[in-house]
Amino acid sequence: MAHTLVKAVIITHVIELIASKYKLSIEKATDLFYLSDTIKLLEDDDTGLYGESFLYVFSLFEKEMNSKKD
């Protein structure tokens with residue numbers, strides 16, 4: 001099972017959080033998220049990340065962004 005609906009809900013919420021926190025348009029937030037390693041993990045059913053909350057996925061995204069700043 002691809003868990004498509006669950007992933008779509010998570011992605012939508014994460015993009016909204018990115019846009020809000022970083023003061024970006026939805027389009028720019030979407031681009032930023034889809035270029036991240038976090039989305040790759042979410043898209044891979046074997047990771048089980050689709051079973052986590054969108055807040056958890058967002059926290060992974062933030063850690064990734066912070067690690068790229070260093």
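Visitor: If contact means heavy atoms within 4.5 Å, what share of contacts between residues at least 6 apart in sequence join residues at least 24 apart?

Guide: Among contacts in the protein between residues at least 6 apart in sequence, 57% join residues at least 24 apart. This is a predicted model, in which local features need pLDDT of at least 70 and side-chain atom pairs count only at pLDDT 80 or more, while totals for chains, interfaces and linings use all residues. Residues are numbered from 1 along each chain as its sequence is written, and side-chain values use heavy atoms, with hydrogens and water left out.

Visitor: How many helices and strands are there?

Guide: The protein has four helices and zero strands, giving the pattern α-α-α-α along the sequence. Helices (H or I, at least four residues) and strands (E, at least two) are DSSP runs, numbered from the N terminus.

Visitor: And the overall dimensions?

Guide: The C-alpha atoms fill a box of roughly 35 × 25 × 20 Å, taken along the principal axes. The protein has a radius of gyration of 11 Å, which agrees with the value near 11 Å for a compact globule of 70 residues; the radius is taken over C-alpha atoms, and the globule rule is 2.2 Å times the number of residues to the power 0.38.

Visitor: Which residues of α4 are buried?

Guide: Val-57, Phe-58, Phe-61, Glu-62, Glu-64 and Met-65 are buried in α4, where buried means under 20% relative accessible area, exposed over 50%, and partly exposed in between (1.4 Å probe, protein chains only). Seen down the axis of α4, these buried residues fall within an arc of 160°, so they line one face of the helix; the arc is that of the directions from the helix axis to the C-beta atoms. An α-helix has 3.6 residues a turn, so residues three or four places apart point the same way.

Visitor: What do they pack against, and what is on the face turned away?

Guide: The buried residues of α4 pack against α1, α2 and α3 (37-43), whereas the face turned away from the buried side carries the exposed residues Leu-55 and Lys-63.

Visitor: Switching to the largest nonpolar core, which residues touch the most other members?

Guide: Of its 15 residues, those are Ile-11, Val-14, Ile-18, Phe-33, Leu-42, Val-57 and Phe-61. Each of α1, α2, α3 and α4 supplies at least two residues of this core, and α1 gives the most, with six. A nonpolar core is a set of buried Ala, Val, Leu, Ile, Met, Phe, Trp, Tyr and Cys residues joined through side-chain atoms within 4.5 Å.

Visitor: Is Ser-36 buried or exposed?

Guide: Ser-36 lies in the loop between α2 and α3 and is buried, with a relative accessible area of 0%. Not counting residues up to four places away in sequence, Ser-36 touches Phe-61, Glu-64 and Met-65.

Visitor: Which backbone atoms lie 2.6 Å and 3.2 Å from a polar atom of the Ser-36 side chain?

Guide: The backbone oxygen of Phe-33 lies 2.6 Å from a polar atom of that side chain, and the backbone nitrogen of Ile-39 lies 3.2 Å from one.

Visitor: And where does Leu-24 lie?

Guide: Leu-24 lies in the loop between α1 (4-22) and α2 (26-34), and is partly exposed, with a relative accessible area of 29%. Leaving aside neighbours within four places in sequence, Leu-24 is in contact with Ile-18, Ala-19, Ala-29 and Leu-32.

Definitions and conventions: Contact = heavy atoms within 4.5 Å. Polar contact = N/O pair within 3.5 Å; in protein donor to acceptor, adjacent residues only side chain to side chain.
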